[in-house]
Amino acid sequence: MSRSEESWVGTWRPHKPRGPIAAIYGSPGPKYAPPALIGSIIHDSTKNQAPRFSFGKRHNKVRSDFSPGPKYLVPSNITRTGRNGTPAFSLHYRTKEPRPFQTPGPGHYRPEHSGRSVTRSAPAYSLFGRTKQCNKKHSPGPAAYTLPEMLGRNTVAIPSAPAHSLGGRLKTGSFYEDLKKTPGPAAYNAVEPNIYCPKPPQFSITGRNFQPDDTTKKPGPATYKPDLVTTKRKAPSFTFGVRHSQYLAPLLVDVDE
């Protein structure tokens, strides 16, 4: 018995069908429906459609009264004859009392500054600039007019004499016009005399040469310190050295590999 026969139960085994089976073929099934007879969308084309009417919207009516309606809140102190006559009081700050008028004393007057208002004086005038409001006349002054010219060719009142001008000399057609376009003496370069004459000896000035010498730096007198040198016997001297840490590792120079 093979492995495929062990998975089947009973005596039935798959075989080739004798005829076509509808379950084998893919179809949409019973999803089709006849077209509707109501409405205008997807209507049955074999039936006549009844007349259709639509419900329109209500148009705005032109009103002459645009009052907001009874939305005002009438205060309680307003009656049909007006405001209620009951006296009403409010809290307000106290106003300042009017200060009495202070009459000036004799020391406030200065008759020496009265000037022309008390005594007679000659008329006095001051120099001031002209304001824009007073300048109502816009007539031109004498400097705005100019007299016609008396010299030249643009005279108006008298006849003008013939006028001549001094112009520059033209190169074309003049007596010094170069018709052949020959080069002048300055167009040639001067030839050096050493080319066609014997060349004299030439000498140059060079720097002075010195013999080679010792270039090492020698110490000067200030380099020596004779006060630090002693020729006699000196007692031993000691200094306080730096305290070394006990955790400092010793310097290993020769290490055996």
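S45 is located in the loop that runs between helix 1 and strand 1, where helices (H or I, at least four residues) and strands (E, at least two) are DSSP runs numbered from the N terminus. The model is a predicted one, in which local features need pLDDT of at least 70, side-chain atom pairs count only at pLDDT 80 or more, and totals for chains, interfaces and linings use all residues. Residues are numbered from 1 along each chain as its sequence is written, and side-chain values use heavy atoms, with hydrogens and water left out.

**S45**
- S45 is exposed because its relative accessible area is 71%; exposed means over 50%, buried under 20% and partly exposed in between (1.4 Å probe, protein chains only).
- The C-alpha atoms of S45 and P35 are separated by 8.4 Å, the two residues being 10 apart along the chain.

**D44**
- D44 is placed in the loop between helix 1 (3–6) and strand 1 (78–79).
- D44 is buried but has no salt bridge, a term that requires a side-chain nitrogen of Lys or Arg within 4 Å of a carboxyl oxygen of Asp or Glu.
- The nearest side chain of opposite charge to D44 is that of K47, 5.8 Å away; Lys and Arg count as positive and Asp and Glu as negative, while His and the chain ends are not counted.
- The side chains of D44 and T46 form a polar contact at 3.0 Å (a pair of N or O atoms within 3.5 Å; within protein, one must be able to donate a hydrogen and the other to accept it, and residues adjacent in sequence count only if both atoms are side-chain atoms).
- Leaving aside residues up to four places away in sequence, D44 touches P35, A36 and L37, contact meaning heavy atoms within 4.5 Å.

**H43**
- H43 also has its place in the loop between helix 1 and strand 1.
- H43 counts as buried because its relative accessibility is 14%.
- The backbone oxygen of L37 is reached by the side chain of H43 at 3.2 Å.
- With residues up to four places away in sequence not counted, H43 touches P35, A36, L37, I38, N48 and Q49.

**Whole protein**
- The protein has 2 helices and 2 strands, in the sequence pattern α-β-β-α.
- Of the 257 residues in the protein, 2% are buried.
- The mean pLDDT of the protein is 77, and 83% of its residues reach 70 or more; pLDDT is the predictor's confidence in each residue, from 0 to 100.
- Among the elements, helix 1 has the lowest mean pLDDT (57), and helix 2 (residues 193–196) has the highest (86).
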